[in-house]
Amino acid sequence: MTVMGVLDEIVDTARYPLADPEGEGWRAAVGTAAAELAATGCHVLREFVRPELVETLRTQGAAIAPDAYYKVERVNAYNIPLDSELPQDHPGAIVLERGNAFVPRDLIPADALIHRLYVSEVFQRFVADCFGLPGLHEFADPLAGLCLNVVAPGMSHPWHFDTNEFTVSMLTQPAEAGGVFEFCPNIRSAEAENLDDVRAVLTGTGDHPVRRLDLRPGDLQLFQGRFSLHRVSPVSGAVQRHSAIFAYTDRPGVIGTVERTRQLFGRVLPDHVAAAASAVRGDRLLD
Ligand SMILES: O=C(O)CCC(=O)C(=O)O
Ligand SMILES: [Fe+2]
């Protein structure tokens with residue numbers, strides 16, 4: 001099968017003309033995405049996955065969700081150490097509970113829809129175009145490259161800024177209630193932290209605008225989370241919320257640190273240890 005054939009099976013290419021890179025339909029879809037990203041840092045491509053595959057998308061996620069690494073972590077919105085020296089009223093001093101759990105890439109079957117999308121070169125090119133990037137690369141990390149983000153009832157993925165510039169994700173199973181993706185477009189910028197606004201959102205005070213996305217399984221979400229504070233609100237009801245996180249980088253060979261990897265997944269692989277060693281030594285030569 002051709003590379004495009006694989007994508008065409010999964011994506012509604014009548015609605016999203018990925019069959020014709022740089023064609024008129026492709027450029028229109030990219031133009032819409034780029035304009036909305038520039039304005040709000042977020043763009044949703046509704047029903048990106050063919051509606052007849054949405055139940056498969058859901059069951060494939062539900063099948064691997066029990067393999068997620070569960071550990072409630074105490075964090076802050078900036079993902080900096082909790083013992084960082086900060087003024088008492090700094091929003092980074094507010095401690096939140098991160099109750100979401102990740103199924104890492106090495107436990108996601110290669111033939112799962114989310115994995116087939118993640119590695120598709122046409123998909124990657126389309127996403128890069130939407131973000132205005134010359135190209136992108138799979139995160140070289142064998143665990144964090146592709147994850148299923150599991151938020152169980154009673155848990156949330158609390159308010160935070162991302163450390164990466166851009167995120168690609170897809171809801172695969174909605175919660176019965178709650179579990180809403182909420183974000184504050186451009187609440188900070190490269191020039192200004194706007195701590196008062198951030199604190200107001202974290203404490204639920206003030207009236208800083210918060211947008212809520214009504215996501216459906218199979219919708220593709222493009223998001224720039226460096227400047228837009230965001231969260232998945234607490235999940236209630238009996239059903240877990242699942243979303244696939246497609247992690248890409250703008251340069252090749254990027255891999256997570258040993259410390260962060262152990263925190264997120266409860267284990268590290270030889271690749272993480274080797275990357276740490278070569279970072280220290282400054283070369284990638286064999287011992
Ligand atoms: O699961 C989601 O929809 C949001 C995930 C997220 O914000 C993140 O992984 O940084
Ligand atoms: Fe995030």
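Is Ala19 buried, partly exposed or exposed, judged by its C-beta neighbours inside 10 Å? Ala19 counts as partly exposed, because it has 16 such neighbours; on this scale a residue is buried if 20 or more other C-beta atoms lie within 10 Å of its own, exposed if 12 or fewer, and partly exposed in between, with C-beta atoms placed from the backbone. Ala19 belongs to the loop between α1 (3-10) and α2 (24-40). Its C-alpha atom is separated by 49 Å from that of Ser84, which is 65 residues away along the chain.

The structure is a predicted model, in which local features need pLDDT of at least 70 and side-chain atom pairs count only at pLDDT 80 or more, whereas totals for chains, interfaces and linings use all residues. Residues are numbered from 1 along each chain as its sequence is written, while chains are lettered from A and ligands numbered from 1 in the order in which they are written.

The chain comprises eight helices and 16 strands; helices (H or I, at least four residues) and strands (E, at least two) are DSSP runs, numbered from the N terminus. The radius of gyration of the chain is 19 Å, close to the 19 Å that the globule rule gives for 287 residues, so the chain is as compact as a globular protein of that length. Here the radius of gyration is taken over C-alpha atoms, and the globule rule is 2.2 Å times the number of residues to the power 0.38. The C-alpha trace spans about 60 × 55 × 40 Å along its principal axes. Of the 287 residues, 36% are buried. Among contacts with a separation of 6 or more, 81% involve residues 24 or more positions apart, a contact being a pair of residues whose C-beta atoms, placed from the backbone, lie within 7 Å.

One open sheet consists of six strands in the order β1-β12-β8-β15-β6-β4, with antiparallel pairing; two strands pair if DSSP finds at least two bridges between them. Its edge strands, β1 (42-45) and β4 (101-103), each pair on one side only. Neighbouring strands of this sheet are turned by 25° against each other on average, direction ignored; the axes are lines fitted to C-alpha atoms, for helices over the stretch in contact, and angles run from 0 to 180 degrees between N-to-C directions.

Strand β12 pairs with β1 in the antiparallel sense over four bridges, and Phe223 is the bridge partner of Cys42. Four bridges also join β12 to β8, again in antiparallel fashion, and Thr167 stands opposite Phe223. The antiparallel pairing of β8 with β15 extends over five bridges, one of the bridge pairs being Gln173 and His242.

A second open sheet contains four strands in the order β7-β13-β10-β11, likewise with antiparallel pairing. Strands β7 (157-160) and β11 (211-213) form its edges, each pairing on one side only. The twist of this sheet averages 15° from one strand to the next. Strands β10 (residues 181-184) and β13 are joined in the antiparallel sense over four bridges, and Val232 of β13 is the bridge partner of Phe181.

Ligand 1 is surrounded by Asn149, His157, Asp162, Thr167, Ser169, Phe181, His230, Val232, Ser243 and Ile245; a residue is near a molecule or strand if its C-beta atom, placed from the backbone, lies within 6 Å of it. At least two residues of this shell are supplied by each of β8 (167-173), β13 (229-232) and β15 (241-246). The bridge partners Phe181 and Val232 are both among the surrounding residues. By class, the shell has three nonpolar, six polar and one charged residues, where Ala, Val, Leu, Ile, Met, Phe, Trp, Tyr, Cys and Pro count as nonpolar, Asp, Glu, Lys and Arg as charged, and the others, Gly among them, as polar.

Positive phi values occur at two loop residues other than glycine. Glu47, in the loop between β1 and α3 (54-64), has a phi of about 50°. Glu47 is partly exposed, with 17 other C-beta atoms within 10 Å. Asn194 lies in the loop between β10 and α6 (195-202), and its positive phi is near 50°. Asn194 is partly exposed, with 18 other C-beta atoms within 10 Å.

Notes: Two residues are in contact if their C-beta atoms, placed from the backbone, lie within 7 Å.
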